[in-house]
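Thanks for coming. I will go through one model today, and the structure is on the screen now.

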Amino acid sequence: MSEREHSGNGAHGNHRPGLGERVDHIGSSAQEIFTEARDAVADLQRTLDIKGRMERHPYAMLTAAAAVGYVLGGGLLTSLTGRLIRVAVKIAAVPFIKEELVNIAQNTLSGFSARASEPKPSAETSSTSGASGI
Amino acid sequence: MEATQQLKQKAREVEERLGPQIEEAKKNLNDLNTRIKSFIRERPGMCLLGALAFGFIVGRIASRR
């Protein structure tokens, strides 16, 4: 058995670490933990890149933060959430509806212009077609 | 045909009348957007915390109802 092992229980060893030594040991351990924690925080910051994200998408980040706060505030399972989701779906559908309306308007206008450019049938042809038609 | 011409004329008049106002409003909105974005970029932490707090308060109010 080594001297170090004996010093664990303090009964057999000649060398017992003094208070100063223990304090040094605790201090160095604390320093190590602090360094590791700082590195971990720096890694997390690099991974999340919150500053960069705030630079690129400021509104999206603020919305996300507000959403996190809303959930933390206990608003997730409320009627307001349902209403908000419905409004969000409607807002998301606006571009599609707009596109459809524009398409319909274009088709209608092109139909009008095509009809306007067609030559009007004369009275004679209309009367004969009317007679033979029915 | 005359009705179409009148309609076109009306549309042109409206566009001429409202065009500068719309442009002005667009410019103001762009300006405001730029200012808000620069404010957020200068103080990202504060803005994030503010948004978080705002969401929290809204969530609290919603859960009490």
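**Two chains and a helix pair**

Chain A has six helices and zero strands, helices being DSSP runs of H or I with at least four residues and strands runs of E with at least two, numbered from the N terminus. Along the sequence the pattern of chain A reads α-α-α-α-α-α.

This is a predicted model, in which local features need pLDDT of at least 70 and side-chain atom pairs count only at pLDDT 80 or more, while totals for chains, interfaces and linings use all residues. Residues are numbered from 1 along each chain as its sequence is written, and chains are lettered from A and ligands numbered from 1 in the order in which they are written.

On confidence: pLDDT is the predictor's confidence in each residue, from 0 to 100. The average for chain A is 81, and 77% of the residues score at least 70. Two stretches of chain A stay under 50. Residues 1–11 are one of them, with 11 contacts beyond four places in sequence; a contact means that C-beta atoms, placed from the backbone, lie within 7 Å. Residues 126–134 are also under 50, and there the model has one such contact beyond four places in sequence.

Now the interface. In it, 19 residues of chain B are in contact with 20 residues of chain A. On the chain B side, α1 (2–42) and α2 (44–64) each supply at least two residues, and α2(B) gives the most, with 15 residues. By class, that side has 12 nonpolar, three polar and four charged residues. Here Ala, Val, Leu, Ile, Met, Phe, Trp, Tyr, Cys and Pro count as nonpolar, Asp, Glu, Lys and Arg as charged, and the others, Gly among them, as polar.

One residue of the pair is Ala65(A). Leaving aside neighbours within four places in sequence, Ala65(A) is in contact with Leu48(B), Ala51(B), Leu52(B) and Gly55(B).

Ala65(A) is also in the largest nonpolar core, which has 10 residues in all, including Met54(A), Tyr70(A), Ile40(B) and Phe56(B). Such a core is a set of buried Ala, Val, Leu, Ile, Met, Phe, Trp, Tyr and Cys residues joined through C-beta atoms within 7 Å, and buried means 20 or more other C-beta atoms within 10 Å of a residue's own. Of the 134 residues of chain A, 6% count as buried.

Technical notes. Buried ≥ 20, exposed ≤ 12 C-beta atoms within 10 Å, placed from the backbone.
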